[in-house]
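Please read them beside the sequence and the coordinates.

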Amino acid sequence: MNSQAASDAVAHESDEAVHNPSGRTFLGQPGPLANLFSVELWERFSFYGMQGILAIYMYFAATDGGLGIDEGAALGIVGAYGGSVYLFSILGALVSDRLLGPERTLFGSAAMIMLGHLALAFVPGVPGLLAGLLLVGVGSGGLKSTAATLVGSLYSRDDPRRDAGFSIYYMGINIGGLLGPLITGLAQQMWGFHLGFGLAAVGMAIGLIQYVATRRGLPASVHRVPDPLPRSQYPLWAGIGVGVLALVLVLVLTGVLNAGNLAAVVAGLSVAGAVVIFALLLTSKKLDADERSRVVAFIPLFIGTSAFFALFQQQFTVITLYSDTRLDREILGWEMPISWVQSLNPFFIIVLAPVMAALWTRLGTRQPTTPAKFGVGIILMGSAFLLFLPMASVVAVPVLWIAMIMVVATLGELWLSPVGLSLATKLAPAAYPVLMMALYNLSVALGTALSGSLASFYSAETEVAYFGALGAVTIAIGVMMLLVARPVGRAMRGVR
C-alpha cells in the first residue's frame with residue numbers, strides 16, 4: 001500500500017470513529033441509522049395513525065364516539081394543527097441550536113408526542129383533544145427539526161453512502177405513514193377512537209424505548225449545543241414565552257381565537273413570518289449579490305410550494321370527509337375503515353420513488369431544472385383535483401377511483417417535495433442557513449393551514465365547483481411556474 005492510500009485509509013477510519021462510534025453497520029450504513037430509522041418509522045406511525053382518525057373523531061356524533069363538532073370547524077382544526085407542526089419545527093430548531101442540542105431535543109420531543117397520544121386516548125372530551133394536539137404538535141415540530149440533523153451527523157460531507165442513508169431513512173417515514181392509518185383506523189372502526197389513539201401512543205412508546213436503549217451510539221457532536229444561549233438571556237426569553245402563552249390563553253378565553261378561525265390564524269402567522277424573514281434577508285448587508293438573487297428566486301418557489309400543499313394536505317381534511325360520505329368502501333360485504341384512504345399516498349411513494357430516482361439518475365444533467373419540476377408537480381396536483389369531477393354524479397364512488405387520484409397526487413409530490421427541501425439548503429445564504437429552512441417550513445405551514453380553511457367551502461352540493469375551481473387555479477399556478485422557470489433558474493445563480 002503506498003503512502004497516499006495508507007493516509008486515506010487512516011483518514012477514513014478516523015472519520016468512521018467520529019461519525020459512528022459504535023462501529024456497527026446497518027445495511028452497509030452506520031449502525032445508529034437503524035435507531036433513527038426505527039424512531040422515525042414509529043413516530044410517523046403514531047402521527048399519521050392519529051391524524052387518520054382525527055377529523056372523524058371531532059365531527060362524529062357523541063353517540064358514535066366522537067365530539068360532535070361542526071364538520072367545517074373540525075376540518076379547519078385539522079388543517080391548523082397540521083400547519084402548526086411546521087411552525088413548531090422552527091421553535092424546535094431554536095431549542096436544539098441554543099438550549100438542548102439536537103439529541104436531547106429529539107428525545108424530549110418524542111416523549112411529548114407519546115404523552116399527547118395518551119391524552120387523546122385517556123382524557124375525555126375537548127380537554128383531551130386540546131392537550132393531545134398541543135403536545136403532539138410541539139413534539140412533532142421538535143422531532144421534525146432534529147431527526148434529519150442526527151441522520152446527517154452519521155456521515156462526513158463527502159461520504160458516498162450519505163444519499164443512500166437518507167433514502168433508507170425516508171423509507172422508514174413512509175412505512176410508518178402506510179401502517180399508521182391502516183392499524184389505528186381498523187382499531188377505531190372495531191373498538192372505538194380511544195383505542196386507536198392508544199395504539200398511536202404504543203407505537204411512539206416502542207420507538208422511544210429502542211431509542212433510549214441505543215442513543216449512546218450516536219456521534220458526540222449531536223450531544224453538544226451548537227450556539228448556546230447566554231444564561232443572562234434566560235429570564236428574557238422565559239418572559240417572552242410566558243407572555244406569548246398568556247396572550248394565546250386570553251385570546252381563546254375571549255373567543256377571539258376559536259375553532260372556526262384557527263386555520264386562518266395559522267395561515268396568517270405563516271405569511272407574516274415569511275414576510276419578516278424575506279425582508280430581513282433581502283435587507284441584510286451580510287448577503288452578497290448572488291445570495292440576494294437566490295433569495296428573490298425562492299419567492300415564486302415559496303408560493304408554488306404553498307399552493308401545492310394547500311391541495312395535497314386535503315387528504316387529511318376534505319378527502320377524509322369524502323371517504324366517509326362519498327366513497328363505496330364495501331369490499332365483499334366488509335366496510336373498509338375511513339382512514340385507510342390515507343395509506344394510499346405512502347404506499348405509492350414506496351412504489352414510485354425508486355422509479356423517479358432511477359429516471360433522474362438516467363437523465364443526469366438533462367433532467368428538468370428545479371423550477372420546472374415545481375411547475376410539473378403543481379400541475380399534477382391540480383389535475384388530481386379535476387379527476388374528482390367525473391364522479392360528481394356517482395352516488396358511491398369506487399375506491400379504485402380515489403386510488404387513481406392519489407397516484408396522480410403522489411407523482412406531483414415526487415416532482416416537487418423531495419427537491420424543495422434540498423433546494424432551500426442550496427439557496428440559503430452562508431450567514432443565514434437556518435432562516436432559509438424556516439422559510440421552507442413556513443411555505444408548508446401556509447399550505448397545510450389553507451387546506452383547513454378551504455375545507456369549509458366543501459360540501460356534496462358544492463363538489464363540482466370546489467374541485468373544479470381549486471384544480472383549475474392550481475394548474476394555472478403550475479403553468480405560470482413553468483413560464484418563469486428560466487428567469488428563476490438564472491436568478492438562482494449557478495444552483496440547479
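1. Contact here means heavy atoms within 4.5 Å. The model is a predicted one. With neighbours within four places in sequence left aside, L87 is in contact with V266, L269, S270, L442 and A445. L87 is found in helix α3, residues 71–100, and is partly exposed at a relative accessible area of 21%. The C-alpha atoms of L87 and N441 are 7.0 Å apart, although 354 residues separate the two in sequence.

2. The largest nonpolar core has 102 residues, and M50, F298, Y322, I402 and L439 have the most contacts inside it. Helix α14 (residues 399–427) gives the most to this core, contributing 13 residues. Another core, of 24 residues, lies apart from it; F37, L143, Y155 and M204 are among its members.

3. M50 deserves a separate entry. Residues up to four places away in sequence not counted, M50 touches Y81, H117, L120, L133, V136, F197 and A200.

4. S140 lies in helix α5, residues 125–152. The relative accessible area of S140 is 1%, under the 20% cut-off, so S140 is buried. Beyond its neighbours within four places in sequence, S140 is in contact with E43, F47, V85 and I113. One of these, E43, is also linked with E40 and R44 in a network of salt bridges.

5. Helix α13 is mostly covered, with twelve of its 17 residues buried. The buried positions include T370, P371, F374, I378, M381 and F385. Against which elements do the buried residues of α13 pack? They pack against α10 (289–312), α12 (344–363), α14, α16 (463–483) and α17 (485–491).

6. W237 lies in helix α8, residues 234–253. With a relative accessible area of 47%, W237 is partly exposed.

7. A search of the whole structure finds seven salt bridges. In one of them the side chains of D227 and R98 meet at 3.6 Å, N to O. D227 lies in the loop between α7 (193–214) and α8, and R98 in helix α3, so the pair ties together parts that are 129 residues apart in sequence. Both ends are partly exposed: D227 has a relative accessibility of 42%, and R98 has a relative accessible area of 27%.

8. E463 forms a salt bridge with R326, where the closest N and O atoms are 2.9 Å apart. This pair links distant parts of the chain, with E463 in helix α16 and R326 in the loop between α11 (318–325) and β3 (327–328), 137 residues apart. Is E463 buried or exposed? E463 is buried, with a relative accessible area of 3%. R326 is also buried, at 9%.

9. The side chains of E335 and R329 meet in a salt bridge of 3.6 Å, N to O. E335 counts as partly exposed at 43% relative accessibility, whereas R329, at 7%, counts as buried.

Key: Residues are numbered from 1 along each chain as its sequence is written. This is a predicted model: local features need pLDDT of at least 70, side-chain atom pairs count only at pLDDT 80 or more; totals for chains, interfaces and linings use all residues. Side-chain values use heavy atoms; hydrogens and water are left out. A nonpolar core is a set of buried Ala, Val, Leu, Ile, Met, Phe, Trp, Tyr and Cys residues joined through side-chain atoms within 4.5 Å. Buried means under 20% relative accessible area, exposed over 50%, partly exposed in between (1.4 Å probe, protein chains only). Helices (H or I, at least four residues) and strands (E, at least two) are DSSP runs, numbered from the N terminus. A salt bridge is a side-chain nitrogen of Lys or Arg within 4 Å of a carboxyl oxygen of Asp or Glu.
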